[in-house]
Structures are given as C-alpha cells and as structure tokens.
Amino acid sequence: MTKLHPLIFLLPVLLMSCTKTVDNSFVPEPGVSRELAGVRSETLSDLHYALDLHLPQERSEPLTGSVTIRFQRTAEAGPLVLDFRAPADNVQRVLLDGKAVEYSLPVDHIVIPAAALGSGEQSVTVDFRSTEDALNRRDGYLYSLFVPDRASTAFPLFEQPDLKARYTLELTMPTQWRALSNGELLSREPEADGTDRLRFAETLPISSYLFAFAAGELQVETATRNGRAFRLFHRETDPARVARNLDAIFDLHATALDWLEDYTGIDYPFGPFDFFAVPSFQFGGMEHPGAIWYRADSLFLDEGATRTAELGRASLISHETTHMWFGDLVTMRWFNDVWMKEVFANFMAAKIAGPAFPELDLELRFFQAHHPAAYAVDRTAGTNAIRQQLDNQREAGSLYGAIIYQKAPVVMRQLEQLIGAQTLQAGLRRYLSDYRFGNAGWPELIGILDGLSEEDLASWNHAWVESPGRPRVEARWGDDGITVTQADDLAGRDLRWPQTLVLAVGHDGEVTEHSVTLRGDSIRLPLAGVGEPDFILPAADGVGYGRFPLDQNGRATLLANVNELAKPLHRAVGLQQLQEDLLEGELEALPFFEVLRAGINREDDELVSQQALGLLQNLWWRYLSAGERAARAGNLEAALWQALEQAQQSGRKRAYFNTLVNITLSESGIQRLRRLWEQQDELPGLPLQEPQYIDLAQALALRAVPDAEAILDAQEQRIENPDRLARFRFVRPAFSNEAAVREALFLSFTDPANRRQESWVLGAMRAIHHPLRAEASLSLIQPALEQLESIRDTGDIFFPLNWLQATLDGHRSPAAADIVQRFIDTHQDMEPKLRGKLLQAADGLFRAAAR
Ligand SMILES: [Zn+2]
C-alpha cells in the first residue's frame with residue numbers, strides 16, 4: 001500500500017555514511033536519525049510487540065518488564081538497531097528468537113550485529129527496567145505519554161511513526177487499581193504474589209507515539225450513545241462536578257464521531273472508545289486511539305461556565321476525536337509533517353463544534369487567534385516555512401512555533417476556499433482510504449488534491465507550505481474598479497501566493513464586501529458606477545493572509561474611522577493593518593496612539609477591546625519616547641480609569657486594570673495604584689486577589705517609589721500561597737532599585753541549575769529589562785545572547801525564544817539594536833534554527849530603533 005520510499009536507492013551509501021565501527025559493532029548516532037528511520041522502514045515489516053509490564057504500587061520502586069518484538073526482515077539489512085533511551089544497566093537480557101545473542105549498547109540504542117541475524121520472521125526479546133521520563137507516576141496512579149519520541153524511555157522498540165505495529169499489553173498491578181490502554185481489556189486474574197494480571201487485546205496497527213496505558217485508583221463512568229459504548233476514567237472526587245458534566249462529555253464525543261464518519265465516509269476504525277480525565281495533564285488532550293487523555297479541568301467545567309469555556313471543551317473533544325482519522329488511521333511518515341494532523345484536527349473541530357455556538361463571533365476569534373501571532377514571526381528575517389527539514393527525531397521539538405500553530409490553519413482555510421469544500425472533502429476521503437492504517441505525508445495529499453482540482457496546487461503549495469514569508473498585496477482604485485496586485489518582498493525569489501481575498505470597500509460610511517481570487521500577478525474587480533471609495537480594506541474576512549499596505553488616502557480614512565466600523569471583525573482587521581503600517585514605518589506612532597486611546601471608551605466588543613489594549617501597551621513602551629509618554633500619561637490613565645468604572649463585566653474590568661498597572665506613569669496615577677495596594681481603596685465589581693496585589697507591589701517598585709523595598713517586604717509577608725511566595729522570592733532581586741542586585745540575579749542564571757523554573761526566570765528577565773530600566777540593563781544584553789546555546793541545550797523547547805523575548809522586548813534604543821546586530825554579525829556560524837529564533841525576537845527592537 002505505501003509508496004516506494006525514495007531512500008531505498010540510497011541505502012548502501014547511507015548505511016556506510018552513518019556508521020562508525022567500534023569493536024565490530026555498529027554505532028548509530030543518538031536519537032533517531034532520518035537515515036536510520038529510512039533504513040528500518042525499508043527493511044522491517046509486519047511488526048508485533050508483546051509487552052509485559054509490572055506496575056508497582058510504590059512510586060519509589062522501578063517499573064520492570066519484558067518485550068518481545070516479532071517482525072519480518074529483508075535479507076542483508078545490516079545490524080538491527082532498537083531504540084532504548086536508558087542507562088546501560090536498565091537492559092537485563094537480550095534474546096534473538098529465544099536464544100542469547102551478542103549485542104551492544106551505544107547511546108539511546110540496543111544493536112544486534114548483522115552476522116547474528118537472518119531474514120524472514122524473527123523475534124527479539126528484551127528484559128528491561130523503564131526510566132521514569134514518560135510514565136508520569138503520581139501518588140495512586142500513572143499514565144504514559146510517549147509523543148513524539150519518548151516510548152523508548154520506557155521500553156525498547158523501533159520508535160518512528162512509519163513503523164506501525166500491533167501491540168499486545170499485559171500488566172501486573174495492585175488489585176485495587178483499574179487500567180486502560182488502546183486495546184480492549186480481555187481478562188483480569190489474580191496472581192500468586194497478590195497482584196492482578198490484566199490482558200489487553202492486540203491493537204490494530206498504530207504508531208509508537210500513539211501507544212498508551214494508564215493505571216491506578218480510577219473511577220469509571222459508562223454510557224451508550226447511538227449503540228456505541230463509551231467509558232470515562234477519572235479521579236474527580238466531587239460527585240456533583242462529575243454529574244453536572246457527564247452527559248455533555250458523552251454527547252460531544254458522539255456528535256463528533258457521527259460527524260466524522262459522515263465527512264470521511266469511514267466508520268470509526270479503532271474498536272473501544274475510552275478516555276481518561278487526567279488531573280493537571282500537561283496538554284489539553286492526547287489522541288491515543290481508544291484511550292484519549294484529556295486535561296480533567298477541560299472536561300469538568302465549573303458551575304456557571306461561560307459559553308466560551310463550553311466552546312473550548314467542544315472544540316477540544318472534536319479535535320482529539322478528529323485525530324482518530326487524521327493522525328491515527330493515517331499518520332505522517334516523519335515528524336516534519338506533524339503540522340498536518342494538528343491542522344486537520346483544528347480545522348474539523350471548528351466545523352464540528354462551531355455551529356452549536358451561533359451567538360459567538362467565530363470568525364473574529366479565528367482572526368485574533370491566528371493572524372497577529374503568525375505575522376509576528378512571518379514578517380521577520382528569522383521566519384520558517386510550514387514544512388521544515390528534520391534530520392533527527394530528537395529535534396522534533398524545534399519544529400513547533402507560531403508558523404505551525406497559527407499560520408498553517410489559515411493556509412488550510414485558504415486551500416478550502418480556493419478548491420472548494422467538496423473537492424477538499426473528496427481528496428481527504430481518498431487520502432484516508434488509500435493510506436488507512438499506513439503513513440502518508442503532505443506530498444501524497446497535495447498530489448491527490450492537485451488531481452481533483454483545476455487550480456495549480458503545485459505552485460500554491462510551493463509558496464504557502466514549502467516557503468517562508470508572506471505576499472505583499474495592494475488593492476488600488478482606478479478606471480471604475482479595483483486592481484489587486486501581489487509581489488514577493490524577498491530578494492532573489494519571485495513567488496506568487498494564490499488566495500481568495502475579501503475586500504471591504506467603504507463609501508460615505510457604508511461598507512460593502514467583494515470577493516476576488518488572486519492567482520497570478522493581479523486581478524481586477526470592476527465596480528462601475530460607485531465612484532472612488534474612501535478606503536479599501538483587504539482580507540476583511542479575517543482569512544486572507546499577507547502584508548496589505550494601504551495608500552495614503554486609504555490609510556488616513558481608515559485611521560479616522562477604524563473605531564466606527566460597524567462590524568467587529570472589520571475593526572479587528574483594520575487595527576492589525578494599522579499596526580503593520582506602523583511597523584513598516586508608513587504610519588507615525590502618535591496618530592495611531594490617539595486612535596487607540598480614543599477607542600478605549602468607545603469599543604463595545606470585548607475581543608476587539610482586548611486586541612486594542614495589547615497594541616496600545618506595545619506602542620506606549622516601544623514607540624513613544626519618555627517625553628512623549630510623560631506628556632500623555634495623565635490623559636491615557638484617565639481614559640482607562642473611566643472605562644474600568646463603566647465596564648459591566650468583570651472580565652473587561654480586569655483588562656483595563658491590567659493595562660493601568662502596565663502603563664501608569666503619572667504621579668497621581670502611581671498614588672492611586674499605591675492606595676489600591678495598601679487596601680485603602682477598592683474597585684467596585686473587581687475584587688483584587690493575591691496575584692493582583694503582587695502585580696501592584698512590583699509595578700510600584702519598577703516605578704522606583706522611595707520606599708520600594710518596604711513595599712516588597714510587606715508584600716512578601718502578605719503572600720499566603722506557598723507557590724506564589726516561592727516565585728515572589730525568586731524574582732524579587734529583579735525588582736530592586738540597585739542595578740548591582742539585578743545584575744547578580746542575572747549572572748546566577750549562567751548556571752543551568754538556577755534556571756530550571758523557566759517561567760520564574762522569564763519573569764525576572766522581563767523585570768531586569770523593563771523599559772523603565774532599559775538603559776541600565778544595556779550591558780546585560782550581550783551576556784544573555786551568549787547564553788543562548790546553553791539555554792537551548794538545557795531547557796524546554798520554547799525556552800530559547802522566550803528567553804530572547806524577555807531580554808529584548810523592553811528595549812527600543814539604537815544602542816540596544818546595535819548590540820544585537822553585532823552579535824548576529826559575529827556569530828555567522830550559529831545553528832540556523834537558533835539564529836532564526838534570534839532574528840524573530842529581535843525584529844520588534846530593530847524596527848523601533850530604526851525610526
Ligand atoms: Zn492535536
């Protein structure tokens with residue numbers, strides 16, 4: 001069923017190129033290189049894992065087990081390389097076809113030499129001790145979480161998405177425990193040692209990152225919907241909280257399954273349908289077929305939950321259920337295409353969950369959730385394409401970012417607009433049916449769609465998916481019509497991005513929408529008899545994507561009217577347009593500031609208001625000089641206080657309050673914040689809690705009030721929550737008035753042991769580099785950049801970019817920009833993905849400093 005893999009032609013060369021011979025044993029590189037994965041997928045097939053695990057009740061006792069892997073192997077396939085990321089003494093015995101065999105243990109692997117192996121069906125058995133890395137052992141329960149490449153920390157296997165296998169699991173565990181896994185529970189019997197032995201049915205073929213089990217003291221709720229049995233495992237102790245949510249949880253799954261069976265034309269492929277509401281789960285959900293994990297709080301909503309929270313839950317359940325087809329039934333070949341399954345899960349979830357929430361402005365939400373964040377990366381010199389190169393699976397973490405999460409969903413909506421919903425559905429149906437229980441990447445899908453559509457999808461794909469950046473699109477009036485043209489800003493490249501664009505055209509306060517499809521250099525929209533418009537707002541549907549510079553008249557009209565546009569989505573798109581003009585130096589900061597300030601008391605849509613407040617804070621610190629801020633602080637603060645007092649909902653009041661804490665500079669404004677902190681004043685309708693008092697104390701310290709240390713001392717005394725107290729003490733030196741104290745804290749981060757609490761470190765860095773202290777912290781920029789590689793090597797996948805942003809976001813001066821530019825110039829050999837992160841983080845500083 002699977003297509004011929006291009007790597008097969010390279011096999012002999014690759015085997016040699018990635019091999020070093022030490023004591024006659026084959027030494028693969030650590031992790032799973034693309035070469036190793038290619039060799040294995042061409043030489044191994046028909047995989048079966050029989051896994052026998054002993055789960056001790058005590059967390060201090062190790063998990064032990066045995067795995068037997070049966071497989072077909074082609075002749076002359078070289079040594080056999082299994083993945084096992086554990087210390088050497090975690091391997092207790094290795095057998096080939098039941099007999100002892102020679103093996104070596106290079107980093108991350110178990111290798112059996114070629115000479116010991118035959119061809120045809122063989123089996124390897126390993127007795128092992130698991131590491132704790134992916135087992136999430138808690139008091140009273142545990143759950144595995146193997147995505148993307150962590151199964152090999154628990155047991156030996158061939159860990160790559162395109163070696164799908166059937167798994168048979170046996171567990172021995174305490175008698176009072178329950179367990180679930182991908183396969184159905186077949187039997188449960190007592191053992192002689194007082195434990196129980198559970199046998200699960202063999203799974204259908206699945207990728208290693210989708211194999212999962214959980215066990216412990218679990219409650220179980222069952223339900224039947226449309227003839228299908230569902231089971232929910234959980235540890236919730238409040239029966240009312242379970243009862244209140246139970247029907248909705250089962251109903252939402254049933255609705256999603258029906259919808260997907262109908263859309264794909266394929267019945268739910270995996271047999272049992274169980275899920276586990278995991279307390280404090282690290283993701284929203286994880287789509288193991290037949291055993292989905294969810295964050296418990298995302299399923300069990302509080303009493304009186306908002307419609308937005310309900311939409312969030314419906315979207316999450318629809319997302320994970322969609323993965324049963326997109327990701328689980330058909331899986332990417334390699335993690336470079338991991339974006340595909342996430343895009344389709346979000347895309348289908350919106351179609352499944354959205355219609356039940358007609359009162360929410362879903363288009364506005366889509367725009368705000370995607371475009372600003374995607375543009376923030378895509379406008380920079382450090383941006384990347386949606387599809388990236390991945391040479392070793394252990395670097396899969398570096399692929400994640402705004403281009404995958406925010407740009408890719410926009411691109412998929414455009415593909416549907418371009419080829420039509422029916423063609424997209426027909427192509428997806430064929431893709432799922434051709435590759436069911438197998439693997440296929442983006443090239444296979446785009447090939448199918450290209451065959452079904454008149455559109456030139458090869459060039460569409462080249463521009464949108466395989467290349468970084470965005471088009472420059474202009475819509476201009478002339479000769480009784482609008483001409484839309486596009487160009488590629490990047491020198492040495494001449495891409496065209498086909499897309500459907502909705503133009504909002506303003507005439508005397510009336511706005512009409514027109515749709516055009518731009519394929520080549522330009523397209524013309526005749527509009528005879530209406531006369532020249534006041535402005536043309538491209539991409540007004542919140543889907544179109546690009547840099548859309550306005551002409552001078554259009555910009556002036558939009559600037560004057562953006563707060564008055566009738567449709568919230570038009571206001572949101574218009575504000576983003578003006579922000580892009582500001583960043584490109586085509587709009588002055590002060591007129592935009594006046595528009596945003598005027599909008600504070602006028603904007604009645606909560607979502608647009610939040611967007612505008614975010615833009616306002618960025619503009620305030622990055623684009624206004626200290627003198628300009630001082631002249632405007634009183635006026636701005638007054639507008640925010642008034643809006644806070646008049647707002648009806650506490651969510652809106654909170655947004656104004658947070659903005660005030662962020663921007664306040666006037667003497668009277670600081671005194672007002674101080675009275676709140678001293679609990680002499682209060683805010684009607686917005687009771688302040690511990691986190692807000694901490695924010696106030698820190699804001700007063702940053703403004704260098706004379707008794708700042710006394711305020712921080714008092715605040716430390718007032719904190720009751722132990723986690724918040726620990727964080728407060730950790731970041732406190734960053735709020736000191738003495739530069740030497742702040743610098744000493746920064747220097748302590750040179751030791752990786754002092755930056756394990758990454759969110760605390762980032763909070764401290766933001767305070768050290770706060771705009772009010774930017775001059776004093778100039779000398780700390782270069783040392784922070786010099787730690788970047790160490791940060792990447794020792795931290796979480798998102799830490800490098802966050803570290804850079806925490807360092808640079810508070811700066812706006814040419815001096816700061818020079819330091820960063822010199823560092824880039826003198827480090828030309830920096831690893832490209834890391835250099836990309838630096839260019840992404842420095843973009844805002846470079847633009848502000850260049851004015
Ligand atoms: Zn997902």
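Predicted model: local features only at pLDDT ≥ 70, side-chain atom pairs only at ≥ 80, totals over all residues.
The largest nonpolar core holds 162 residues. Within this core, Phe155 and Trp293 touch the most other members. Helix H8, spanning residues 402-419, supplies the largest share, with 10 residues. Leaving aside residues up to four places away in sequence, Phe155 is in contact with Leu51, Val67, Asp83, Phe84, Phe128, Phe146, Tyr167 and Phe211.

Helix H26 covers residues 799-808. Of its 10 residues, 7 are buried, so the rest of the structure largely encloses this helix. The buried positions are Phe799, Pro800, Trp803, Leu804, Ala806, Thr807 and Leu808. In general, an α-helix has 3.6 residues a turn, so residues three or four places apart point the same way.

Gln388 sits in the loop between helix H7 (362-378) and H8. Its relative accessibility is 13%. Gln388 therefore counts as buried, because the cut-off is under 20%. A polar atom of the Gln388 side chain lies 3.3 Å from the backbone oxygen of Leu399. Gln388 touches Leu399, Asn336 and Lys833, with residues up to four places away in sequence not counted.

Asp434 belongs to helix H9, which runs over residues 421-434. Asp434 has a relative accessible area of 32% and is partly exposed. In sequence, 253 residues separate Asp434 from Pro687. In space, the two lie 58 Å apart, C-alpha to C-alpha.

How values were computed:
Residues numbered from 1 in each chain as written. Heavy atoms only, no water. Buried < 20%, exposed > 50% of the residue type's maximum accessible area, 1.4 Å probe, protein only. Helix = DSSP H or I, 4+ residues; strand = E, 2+ residues; numbered from the N terminus. Core = buried A, V, L, I, M, F, W, Y, C linked by side-chain atoms within 4.5 Å. Contact = heavy atoms within 4.5 Å. Polar contact = N/O pair within 3.5 Å; in protein donor to acceptor, adjacent residues only side chain to side chain.
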